[in-house]
Amino acid sequence: MKQTLRLTMVAGVALGALVAGAASAADYNEAPGLAAMVADGKLPPVAERLPVNPVVLEPINEIGKYGGTWRSALKGAGDVGWIRRTVAYDPLVAFSIGWDAVVPNVAESFEANEEGTVFTFKLREGHKWSDGTPFTAHDIVFAYDYMTSDEYFESVPAHIKNVASAEAVDDLTVRLTLPEPNGLFLQRMASVDGMQPLVYQREYCSQFHIDHNPDADAQAKAAGLTGWSEALYEACDLDNWHDANRPTLFAWQPTAPYDGLSPQVTFERNPYYFKVDPEGNQLPYLDGLSMTQTASTEDIVLKALNGEIDFMNRHIASLSNKPLFFDGQEAGGFYLYETVESLMNTGTVQLNQNSENPILNELFNQKDFRVALSHAINRQELIDVLFVGQGEPWQAGPRPESRWYHERLAKQYTEYDVEKANALLDGIGLTEKDGDGFRLDKEGNRIAFRLDVTSDLKPYFPDLAELVATYWSEVGIDVDVRTNERSFVYETIQANKHDVHLWVGDGGLGDALLDPRYYLPMNIESLYALRWAKSFYDPSSDDAQEPPAGVKRQHELYAQLQSSADPENQDALMAEILDIAADEFRVIGISLPPNGYGIARNNIGNVPNLQPQAWVYPTPGPMGTAQLYIKD
Amino acid sequence: MTATTVDDRIVAAGTETQWQLIWGRFRRHRLAVFSGIVLILLYLSAALAEFIAPQDPHAFNARFTFAPPQSINLLDRNDEGRLIFRPHVNGYAVEVDPVALRRTFVTDPEEKIPLRLFGKSEPYRLMGFIPMQHKLITVEDSRTPLFLLGADRLGRDVLSRLIHGTRISLSVGLIGVIMSLVIGLVVGGLSGYYGGLFDLIVQRVIEFLRSLPTIPLWMGLAAALPRDWDALAIYFAVTIILSLIGWTELARVVRGRFLALKTEDYVTAARIDGASDLRIVMRHMVPAFTSHIIAAASLAVPGMILAETALSFLGLGLQAPIISWGVLLQEAQNIRAVATAPWLLWPGAAVIVAVLTMNFLGDGMRDAADPYAQ
Amino acid sequence: MALLRYAVRRLLFMIATILALSIVCFGIIQLPPGDFLTAKMAEMAATGDAVNVDAVERLRAQYGLDRPFIVQYWLWVSGVVVGDFGFSFELTKTVREVIGDRLGISLAVEFLAIVVLWAIALPVGIYSAVRQYSIGDVAATIFGFIGLAIPNFLLALLLMYISFVAFGATITGLFSDEYMNARWSFGRLVDFFSHVWAPVLVIATAGSAQVIRILRANLLDELSRPYVDTARAKGMAEWRLIMRYPVRVAMNPLVSTIGWLLPTIISSSIVTGIVLNLPTLSPILLRSLLSQDMHLAGALILLMGVLTLLGTLLSDLLLAWIDPRIRMA
Amino acid sequence: MTPRETAIALEPADQSAAVPAPEVADEILAIVDLETHFTMRRGNLKAVDKVSLSLRAGDTLCVVGESGSGKSVTARSILNIVKPGRIVGGRISFKPGDDAPIHLSDLDPYGPAIRAVRGGHISMIFQEPMSSLSPVHTIGSQIIEAIRLHQPIEKKEAREQAISLLKQVQIPDPEIAVDRYAFQYSGGMRQRAMIAMALANKPKVLIADEPTTALDVTTQAEILKLIKSLQRDYGMAVLFITHDMGVVAEMADHVAVMRDGKVLEYGDVDQIFSRPQHPHTQDLIGAARLMESGPAAKVAGTLSEEPILQVRNLNLAFGTTHGMLRRHRAVVHALRDVSFDLRAGEALGVVGESGSGKTTLARCLVGLYKVDSGSAMFTRGDGSTTDLCGRGGFGDRSLYTEIRMIFQDPFASLNPRMTVEQIVAEPMIVNRACPKSELRSRVADLLESVELPADVMDRYPHAFSGGQRQRIGIARAIALNPRLVLADEATSALDGSLRAQVLDLLLKLRSRLGLSFIFISHDIGVIRYFCERMAVMRRGEIVEIGPSQSICDNPQHAYTQELLAAVPRADPKQSRLRG
């Protein structure tokens with residue numbers, strides 16, 4: 001099953017890319033509303049609005065029809081992620097729907113030099129912003145100039161940080177130069193942050209820029225902002241949708257902005273959108289989107305059950321809600337589609353091996369201790385209780401569908417064996433116990449540590465933590481589980497004050513190369529060894545700590561991988577990193593998450609099944625949401 | 001004229017104490033009496049939670065997640081087919097539905113699990129110190145399911161959790177009110193007895209505190225609790241937070257009573273007897289408003305119970321693994337629970353019953369608080 | 001004239017209270033560990049979105065969050081005095097804009113709730129006092145108190161689910177999709193009332209018990225007063241005289257309850273507003289508290305406190321106005 | 001008893017119930033065998049127990065009795081407003097002349113038939129004019145309502161009528177007064193307004209339930225006069241309920257004496273006063289007349305010339321603030337230059353109407369109020385003197401062993417939560433005046449000296465009647481063998497015969513213990529009976545002071561004269577209102 005799945009996905013992508021390349025000018029069709037506007041002379045004809053060489057999007061199922069609104073919901077004022085996933089996934093180069101290739105998108109073509117330091121993107125001739133003005137290389141350069149300047153309001157996204165310079169070779173060609181080779185640059189450009197350089201229309205956004213408008217600072221301060229930079233950021237940045245006037249390249253443009261106040265955020269069709277279907281119909285099919293802003297998840301659940309949500313999985317598609325939606329399908333006129341989980345684990349138990357507590361630090365750094373605790377967990381029972389038996393015991397290793405699947409890493413030490421665990425613990429000298437049966441450390445104190453857990457990411461986390469604590473208490477280890485509010489947990493881990501951290505397992509599918517945080521300590525989220533990770537991503541930091549040999553080797557290998565442009569070489573390097581990860585066994589996993597799901601109304605066409613679910617790959621964005629349509 | 005004239009009929013035996021008189025009045029308020037009985041039962045079950053709860057409230061069971069409630073059948077047919085008294089519940093046939101991601105439970109009429117009163121159980125300590133080996137209701141084989149109010153998402157017994165939650169929830173209210181009472185008595189008493197500038201300041205402070213919107217205040221305070229406190233400390237801190245506002249109402253009542261009593265003739269009489277301030281307060285005033293204070297306090301308890309659930313709703317306050325009604329309701333505050341496992345709402349019913357009965361009891365006590373009023 | 005002097009003195013005192021309130025409000029928001037930026041990062045991590053860590057220090061300086069409490073407070077409160085309530089970091093709007101957008105509808109919901117609250121409490125309170133200790137009294141009292149006893153969020157959730165199952169309608173929000181961003185019209189008004197009943201019911205029932213209790217106690221006192229017998233001796237019909245005399249008198253102190261009902265109303269409207277997703281200030285308050293968006297949260301709490309104080313003042317003045325004993329004595 | 005009277009005023013306790021009421025000429029209201037019961041916790045209270053009465057048109061029937069005699073319930077039964085009690089037997093018939101009699105007791109108490117009678121044919125006024133009027137409606141609107149309930153006229157016309165009614169009851173500026181509220185009226189005006197309301201529909205019968213009990217004696221005289229004259233103008237029959245034999249003598253044509261829900265005696269007023277049959281009637285009349293004599297004969301021993309208390313120029317002003325609005329009112333001078341001497345063993349009476357400052361004076365003398373200026377030099381047992389109103393004054397609590405107080409309200413002044421023993425022992429405990437072991441026997445002695453049996457010690461005050469409670473209060477006052485007793489309206493809450501008993505007890509104690517008294521009362525009779533000297537107070541000033549008898553016989557000050565003239569005499573022959 002899993003093998004087939006992977007093959008079909010690859011095939012689908014190959015076809016899509018092929019068709020995209022073979023686009024040809026033809027008689028284009030457009031939405032009736034736009035046609036009327038053309039007839040009234042309010043819009044130029046469709047052929048003039050499209051680029052000379054539009055992207056031809058091969059539909060997942062069939063050619064759609066025009067009209068309709070896609071209804072979904074936003075949770076609170078900070079849910080810009082859903083807009084990014086639905087409206088705003090149109091980077092220069094994009095992930096294929098199967099997440100195994102990077103294909104041209106806004107860029108007609110791209111090329112890299114051999115070292116992987118200079119990347120040249122060719123834009124589409126005649127590509128226009130939603131206000132009808134031409135989209136050119138200068139817009140991208142404007143964005144880079146602002147983002148790499150010291151004035152940029154937020155901090156610089158990682159993929160931009162690495163760009164030394166951006167230049168417009170001509171109106172349609174932009175060249176990005178990197179300070180050092182980066183083998184993952186195209187993937188980063190295809191990721192969820194890839195639209196960052198494409199949202200700053202120079203003409204519109206320069207009015208907020210001090211270089212172009214001397215009054216910009218005063219105007220910003222008059223509006224209560226800290227300065228022109230914030231004003232520019234607020235108006236134009238990818239995360240901000242308050243400004244309905246900003247021209248976009250996306251399939252829809254906002255009409256009621258997302259400012260945290262409008263009860264409903266709406267979008268309408270961008271008449272200049274650059275994609276067509278194989279029959280030459282300009283996309284998108286849907287007239288628009290409407291997203292109800294709500295503070296309550298239950299409100300969204302109810303709307304979904306009542307058939308008021310057309311296509312969505314965010315917030316509501318939890319494991320515990322599945323029976324509810326399953327039963328509600330008929331009444332609500334929707335069905336459940338499946339998504340491929342990109343997470344490789346339901347829970348990664350990260351013993352802090354850079355702990356400030358010397359006793360714990362010493363214990364956690366002993367592999368036998370970690371192995372013993374792993375054997376002490378009854379994973380099958382956990383799966384039965386928490387996931388209704390779905391999934392299998394799994395360590396922190398890539399998913400079986402992944403190109404980098406590593407069997408030993410994934411499956412070692414997963415069997416439930418209390419005897420073995422006790423033997424291992426005895427073996428490292430933890431033989432003394434106190435009156436309650438808990439083991440004592442070398443100073444004669446009970447081995448006890450805290451696990452602060454938040455239920456905000458996964459509602460089952462507190463339960464999972466409790467159960468793990470129960471199992472560990474049976475081998476004489478005392479864990480004090482606390483359910484806490486997320487900002488507290490976040491503060492603790494940032495300050496490296498945690499004993500243990502529980503999170504999910506990122507890096508299960510295509511994001512393994514970009515975010516292998518659980519395979520080697522390499523970023524701020526590698527919370528089992530934050531100081532070692534710092535020695536990799538921020539060596540100058542005071543907190544950075546020299547890692548042991550194995551981790552050091554992993555760091556070397558990952559550095560090579562990052563600067564390699566050759567996928568085969570990358571795979572080989574990755575395999576070696578994972579080998580070491582399996583030897584070192586630093587993160588304890590629980591189980592492989594079952595596939596996720598989402599709900600789609602029966603009359604929504606071209607809904608993808610088995611699409612990967614991730615953030616870097618902002619599901620469902622890479623499917624090309626412009627092809628969704630409402631059936632009769 | 002002699003001492004025994006027309007007037008000198010003694011209308012009653014006249015030896016009833018104020019509490020006997022209060023009880024006599026209180027009994028007329030039938031709703032309050034009924035509420036009192038319900039509350040006594042509630043507090044009893046809180047005290048005897050370990051004995052009454054059929055199961056360990058923390059024990060999970062992978063096979064019975066979201067198992068629906070079993071009903072108790074009192075009668076059974078014996079081997080000869082005659083109906084006999086043999087209380088039992090039926091077992092379940094459990095199926096896992098991997099698509100819908102749930103277990104489906106069908107009552108199995110063949111599997112009969114007999115119930116026993118005061119049967120043997122695992123040894124435990126009642127109220128933490130009395131060693132016991134019997135429980136109110138047991139099943140013969142401890143592995144067979146007994147979920148009289150159903151099971152939660154981890155297959156834990158809702159009834160047992162509810163009973164154990166009673167302990168925390170009812171005591172949060174009680175301890176909170178006691179704390180409010182101490183503050184309220186001292187502040188209200190001083191302010192009412194001495195009056196003047198102190199009274200003025202206290203009145204303004206109370207007015208100020210009452211103008212604060214409670215939920216944000218609780219939220220801020222609850223979020224500020226040090227995280228490395230253990231569960232018990234958090235529990236006490238939460239009650240303190242709740243009583244932070246609660247005392248104002250009690251202080252108001254105490255002050256009011258003081259002001260009213262100060263002008264009573266018998267208090268003046270005590271002053272003319274030469275009694276000291278302390279004696280006047282303790283001997284003459286305090287007994288006169290004890291009943292009012294108890295009534296006011298009993299009316300403050302339900303507010304605390306509700307506040308505890310509200311804090312839990314907002315994700316602040318008490319957290320698992322502590323079991324309180326608020327914590328239990330937190331698990332029920334989603335459509336999934338309402339739609340597919342409505343038995344998780346039983347703690348809500350418990351809250352309603354407790355709050356209603358406490359209100360009625362308080363009303364009854366207040367009506368009876370002054371048995372000498374005509 | 002005396003009324004005016006009284007009002008002025010109360011107003012002066014209120015200003016002092018508001019100042020104290022502003023310190024407490026700002027303090028409450030500062031109590032939890034961390035600040036707006038930690039909260040923001042934590043939230044992004046929790047939705048599975050990536051966190052942009054480097055931004056923190058820079059933004060912290062930009063927003064002035066690295067300054068001491070007293071400085072931050074001073075900057076904020078000195079703005080408040082001149083009508084500048086600060087800036088919402090999260091919504092990147094001035095607090096005034098945010099509040100202006102939502103205040104009207106919030107007040108409308110709360111006002112309706114008070115109206116309904118009285119509509120429930122008056123008949124129940126009157127009935128249970130006039131028929132003290134009868135079965136009807138018991139029934140009316142239970143009915144009146146049940147709303148108090150059900151936790152607000154639970155009642156809201158149940159109403160939401162019941163209306164979905166029974167009528168196939170989601171009653172969350174205050175408007176249907178088609179009216180959500182529309183201008184006011186008759187249709188929108190009808191739509192508004194088809195939604196607003198649920199939150200109003202939840203909020204009203206939460207407070208009605210208090211009013212019932214006071215009304216009942218007052219009325220029991222008044223019913224035994226001689227002027228009731230006077231009216232009876234005039235030959236008035238029983239219910240008419242009860243409504244005209246003791247009820248009228250017992251209502252007076254109730255007017256002053258509006259003031260202290262407000263905190264209850266506001267608190268329950270926060271919870272209800274969140275569950276039922278009302279476009280009121282409530283969800284914004286919760287969110288600003290959780291995300292530690294301090295100017296906004298501070299301003300909202302302050303606003304609620306001020307509303308409560310104003311409500312108390314107004315109800316006291318109203319009482320003085322309607323009760324001749326106070327107005328003219 | 002004459003045969004006719006026997007037929008009407010029954011002794012129902014031992015006689016059979018069903019004696020039919022005879023036809024009486026001009027009878028407008030007939031009550032036959034009325035039984036009104038109240039359901040109490042401890043059973044059924046027969047508040048009215050087979051009462052039969054008859055009221056003739058234009059006549060005044062006074063029903064007299066002490067509290068609890070059932071006189072008020074009888075009156076209320078006529079209009080059937082006896083909730084929570086109920087009429088369980090008998091018949092009340094209203095006979096409006098030409099028309100058929102209406103059997104009021106058979107009517108639905110909430111029905112329209114009886115409502116047409118209430119306020120229409122039969123009106124009623126009550127004891128407390130303040131609380132009997134709605135505090136939040138204007139006087140006018142209440143009268144207008146009474147008019148329009150029975151007459152189909154427009155509001156405007158009703159208002160005209162209301163104004164003219166107010167004029168008839170002699171309320172000044174009726175056009176303005178009609179829009180005023182009850183609290184803006186004085187006590188007498190309120191009762192006038194009540195009367196105006198009762199007269200609104202020209203009733204045939206006016207029931208007046210103790211209408212003057214709450215009023216000062218001068219006001220009482222005015223109101224009685226008003227009722228009398230209106231009765232003549234309207235030709236009404238009046239059923240007048242009172243406990244005061246003096247009022248009876250002033251008002252009545254016929255008298256019914258009630259006790260314990262039964263009519264003891266009925267008769268013509270002259271006959272009742274001159275030849276009372278029932279011992280209780282004799283007691284009542286005796287007690288009322290008792291107050292017309294002085295104390296000298298009753299107190300043994302001679303008065304010393306040594307003053308025990310010298311009061312000089314006491315002044316006290318209250319700057320009162322009222323209500324929520326805290327509007328400052330004009331300063332009230334509660335005491336103005338009050339000076340007097342009290343000799344050891346003497347009783348000085350202070351008489352005055354409400355607001356005269358007499359109670360304030362008492363409270364100043366026991367340190368409850370601080371005076372603005374003046375002194376009250378008290379000679380203590382050891383010969384030293386202390387200024388009771390001075391700074392140090394009662395800082396020395398031992399003063400309270402020498403100066404004691406008896407309160408007006410025997411219900412409020414005893415802590416209901418303490419037993420009699422605890423109450424009486426309290427002053428001895430706090431002053432350590434008695435060893436613990438002897439407390440109980442000392443309390444028993446004290447109870448005996450106030451003529452209460454010692455076995456009541458373990459009971460609570462609620463078990464006792466008013467008179468008994470007052471005795472307990474007296475026992476408490478004398479527990480410390482005081483030298484000066486301040487009695488603040490000590491007998492005002494007691495009805496006639498009880499009042500006399502308590503006064504006699506006090507007289508006995510006074511001579512036995514050699515007490516000095518300051519006796520404060522609004523009742524000049526009581527003062528005359530108890531005190532050698534009296535001071536008449538008005539608006540904080542002593543207007544006249546001197547020997548009681550000479551003041552009563554020959555009052556100098558106009559106010560004293562007015563006061564004396566207003567006191568009703570318990571002798572119909574002296575009545576100024578009749579004839």
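Visitor: What radius of gyration does chain B have, and how does it stand against a compact globule of 374 residues?

Guide: The radius of gyration is taken over C-alpha atoms, and the globule rule is 2.2 Å times the number of residues to the power 0.38. By this rule a compact globule of 374 residues would come out near 21 Å, but chain B has 26 Å. Along its principal axes, the C-alpha trace of chain B spans about 90 × 60 × 35 Å. The model is a predicted one, in which local features need pLDDT of at least 70 and side-chain atom pairs count only at pLDDT 80 or more, while totals for chains, interfaces and linings use all residues. Residues are numbered from 1 along each chain as its sequence is written, and chains are lettered from A and ligands numbered from 1 in the order in which they are written.

Visitor: How do you know how much confidence the predictor places in chain B?

Guide: That is read from pLDDT, the predictor's confidence in each residue, from 0 to 100. Chain B averages 82, and 95% of its residues score at least 70. Within chain B, helix α2 (residues 30-47) has the highest confidence, with a mean of 91, whereas helix α6 (residues 214-223) has the lowest, at 75. Residues 1-12 of chain B stay under 50, and the model has 17 contacts for them beyond four places in sequence.

Visitor: What makes a residue of chain B count as buried, and what share of the chain does so?

Guide: A residue is buried if 20 or more other C-beta atoms lie within 10 Å of its own, exposed if there are 12 or fewer, and partly exposed in between, with the C-beta atoms placed from the backbone. Against that cut-off, 48% of the 374 residues of chain B count as buried.

Visitor: How do you know where the domains of chain B lie, and what joins them?

Guide: The bounds come from an automatic or database domain assignment, which gives domain 1 (63-151) and domain 2 (161-368) for chain B. Their C-alpha centres lie 39 Å apart, and the contact takes five residues from domain 1 and four residues from domain 2 of chain B.

Visitor: Which pair of touching chains has the most contacts, and what makes up its chain C side?

Guide: Among the five pairs of chains that touch, chains A and C have the most contacts, with 46 residues of chain C in contact with 40 residues of chain A. Elements giving two or more residues to that side of chain C include α3 (55-63), α5 (95-130) and α12 (257-275) of chain C, while the largest share, seven residues, comes from α2(C). Ala, Val, Leu, Ile, Met, Phe, Trp, Tyr, Cys and Pro count as nonpolar, Asp, Glu, Lys and Arg as charged, and the others, Gly among them, as polar; the chain C side therefore divides into 22 nonpolar, 14 polar and ten charged residues.

Visitor: How many residues of chain A touch chain B, and how far from chain A is chain D?

Guide: Chains A and B are in contact through 24 residues of chain A and 24 residues of chain B. On the chain A side, α12(A) gives the largest share, four residues, and the classes are ten nonpolar, six polar and eight charged. No contact joins chain A and chain D, whose closest C-alpha atoms lie 43 Å apart.

Visitor: Why are β2 and β5 of chain D called edge strands?

Guide: Two strands pair if DSSP finds at least two bridges between them, and the open sheet of four strands has the order β2-β1-β4-β5 (chain D), with antiparallel pairing. In that order β2 (43-56) and β5 (102-103) of chain D each pair on one side only. Two bridges join strand β4 (residues 86-94) of chain D to β5(D), so this pair meets the criterion. One of the residues of β5(D), D:I102, is the bridge partner of D:F94.

Conventions
Contact = placed C-beta atoms within 7 Å.
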